[in-house]
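Work through the exercises below with the sequence and the model open. Each task is followed by a solution in steps.

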Amino acid sequence: MTEVARMLGEPTGDKEFRGGVRILLEAGADAAPRMPGELRDLFEELRFAMRGVTAR
């Protein structure tokens with residue numbers, strides 16, 4: 001997930017890749033609150049990366 005977040009920060013982000021990440025985020029949204037701490041943090045970091053916000 002960290003690598004995915006890094007790739008999203010690159011200016012040449014692929015439209016298809018971003019679409020796949022959106023699907024992952026939508027699918028995981030309900031489960032995120034029950035994820036183990038580190039995984040939940042990475043999921044949130046990815047969510048923020050899609051919005052162009054640095055999580056930390």
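**Exercise 1.** Is Met35 buried or exposed?

*Solution.* Step 1: the relative accessibility of Met35 is 14%. Step 2: buried means under 20% relative accessible area, exposed over 50%, and partly exposed in between, with a 1.4 Å probe and protein chains only. Step 3: Met35 therefore counts as buried. Helices here are DSSP runs of H or I with at least four residues, strands are E runs of at least two, and both are numbered from the N terminus. Step 5: with neighbours within four places in sequence left aside, Met35 is in contact with Gly28, Arg40 and Phe43, where contact means heavy atoms within 4.5 Å.

The model is predicted: local features need pLDDT of at least 70, side-chain atom pairs count only at pLDDT 80 or more, and totals for chains, interfaces and linings use all residues. Residues are numbered from 1 along each chain as its sequence is written, and side-chain values use heavy atoms, with hydrogens and water left out.

**Exercise 2.** Classify Phe43 and Met7 by accessibility.

*Solution.* Step 1: Phe43 is in helix α3, and its relative accessibility of 3% makes it buried. Step 2: the C-alpha atoms of Phe43 and Leu25 are 7.8 Å apart, although 18 residues separate the two in sequence. Step 3: Met7 belongs to helix α1 (residues 2–8). Its relative accessible area is 35%, so Met7 is partly exposed. Step 4: from Met7 to Arg18, eleven residues along the chain, the C-alpha separation is 9.6 Å.

**Exercise 3.** Describe how helix α2 meets helix α3.

*Solution.* Step 1: the axes of α2 (residues 15–28) and α3 (residues 37–50) come within 11 Å and cross at roughly 135°. Axes are lines fitted to C-alpha atoms, for helices over the stretch in contact, and angles run from 0 to 180 degrees between N-to-C directions. Step 2: this makes α2 oblique to α3; under 35 degrees counts as roughly parallel, over 145 as roughly antiparallel, 65 to 115 as roughly perpendicular, and the rest as oblique. Step 3: α2 contributes Arg18, Val21, Arg22, Leu24, Leu25 and Gly28 to the contact, and α3 contributes Phe43, Leu46, Arg47 and Met50.

**Exercise 4.** How many helices and strands does the chain have?

*Solution.* Step 1: there are three helices and zero strands. Step 2: read from the N terminus, the order is α-α-α. Step 3: of the 56 residues in the chain, 21% are buried.
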